[in-house]
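Please read it alongside the sequence and the model.

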Amino acid sequence: LDNGIAYVRRDCEAIKMTEEAEKELQLLRKEESTMPTHEKHAKELASIARHAMRCRKKVIVHNYSSGNSRKVSDRILEIFNCDLNNSYVYAYEISTGLVKQFKLCRAESIEILDEPWENQHKHICQNRDVFNMSYSNESPYENIEIELSLRAKTLLEEEYPDSKKYLHELTQTKWSLKTTVANVLGVGRFCMGLLDEIQIIKGERVRMYIHDCLQKQFYQYCLNQNMH
């Protein structure tokens, strides 16, 4: 702002903001003011990630909490894709030499380095199912159909926004999810947390995965009880 007049910074030049752009920005700021903290944080990181992509610069993702390794560490990445929901980025990780998906809400901050990309030929985005599991030749695909309560449907949309286009309303309180999954891990973990809210109509491998997991948990529970 300069004497109440809004400007846009473009490279080294300050250009007066149009009235239309100013209204759009005010509306955006109003929406952001009511946004949950974790969503606002992810959106801010997504903005930095997209800037790094445009500049083709490496970044350090500080204090990333990995769901796989269960460790918190810094990651040096070449981010080359960011989903429209500001939830994930796809990046080439320098230390492992692999393309991975990173969830923005698990990062503390992103720092853009003054180092250009060096591995653009490896920037290949893997196809993923609605539960963010990667398709591969080692894992058989599974066609699934699941009935969800309104609560389960809402939680699914919040956690996995890409699922919305595969949801169909059956009644005011019941929804159906029909899709293909890369493997049973993602959908199985989701279903296990909502067993009284979902019904698996189709997907035998999903049923078997849940059965095996619950059986192991029950065995472990009984073992612990006997030890005490």
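Buried means under 20% relative accessible area, exposed means over 50%, and partly exposed lies in between. At 40% relative accessibility, cysteine 105 therefore counts as partly exposed. The model is a predicted one.

- Cysteine 82 has 9% relative accessibility, so cysteine 82 counts as buried.
- Cysteine 105 takes part in no disulfide, and the nearest cysteine sulfur, that of cysteine 82, is 12 Å away.
- A disulfide needs two cysteine sulfur atoms within 2.5 Å; the structure holds 0 disulfides.

**Sheet layout**

- An open sheet is formed by 5 strands in the order S6-S5-S4-S3-S7, and the pairing is antiparallel.
- The edges are taken by strand S6 (98-103) and strand S7 (109-116); each has a single partner strand, so one side of each is left without a neighbour in the sheet.
- From one strand to the next, the twist averages 45°.

**Strand S5 and its burial**

- Strand S5 covers residues 88-93, and 6 of its 6 residues are buried.
- On one side of S5, Tyr88, Tyr90 and Tyr92 are buried.

**S5 with S6**

- S5 pairs with S6 in the antiparallel sense over 6 bridges.
- Tyrosine 88 has lysine 103 in S6 as its bridge partner.
- For glutamate 93, the bridge partner in S6 is leucine 98.
- The hairpin of S5 and S6 has 4 residues between the strands, and glycine 97 there takes a positive phi near 70°.

**S4 with S5**

- Strand S4 (residues 72-82) runs antiparallel to S5 and is joined to S5 by 5 bridges.
- Asparagine 81 stands opposite tyrosine 90 in S5.
- S4 and S5 form a hairpin with 5 residues between them.
- In the turn of that hairpin, asparagine 86 has a positive phi of about 60°.

**Helix H4**

- Helix H4 spans residues 184-192, and its buried residues include Val184, Gly186, Val187, Gly188, Phe190 and Cys191.
- Asparagine 183 caps the N-terminal end of H4, with a side-chain oxygen 2.9 Å from the backbone nitrogen of leucine 185.
- An α-helix has 3.6 residues a turn, so residues three or four places apart point the same way.

Key. Residues are numbered from 1 along each chain as its sequence is written. This is a predicted model: local features need pLDDT of at least 70, side-chain atom pairs count only at pLDDT 80 or more; totals for chains, interfaces and linings use all residues. Side-chain values use heavy atoms; hydrogens and water are left out. Buried means under 20% relative accessible area, exposed over 50%, partly exposed in between (1.4 Å probe, protein chains only). Two strands pair if DSSP finds at least two bridges between them. Helices (H or I, at least four residues) and strands (E, at least two) are DSSP runs, numbered from the N terminus. Axes are lines fitted to C-alpha atoms, for helices over the stretch in contact, and angles run from 0 to 180 degrees between N-to-C directions. A polar contact is a pair of N or O atoms within 3.5 Å; within protein, one must be able to donate a hydrogen and the other to accept it, and residues adjacent in sequence count only if both atoms are side-chain atoms.
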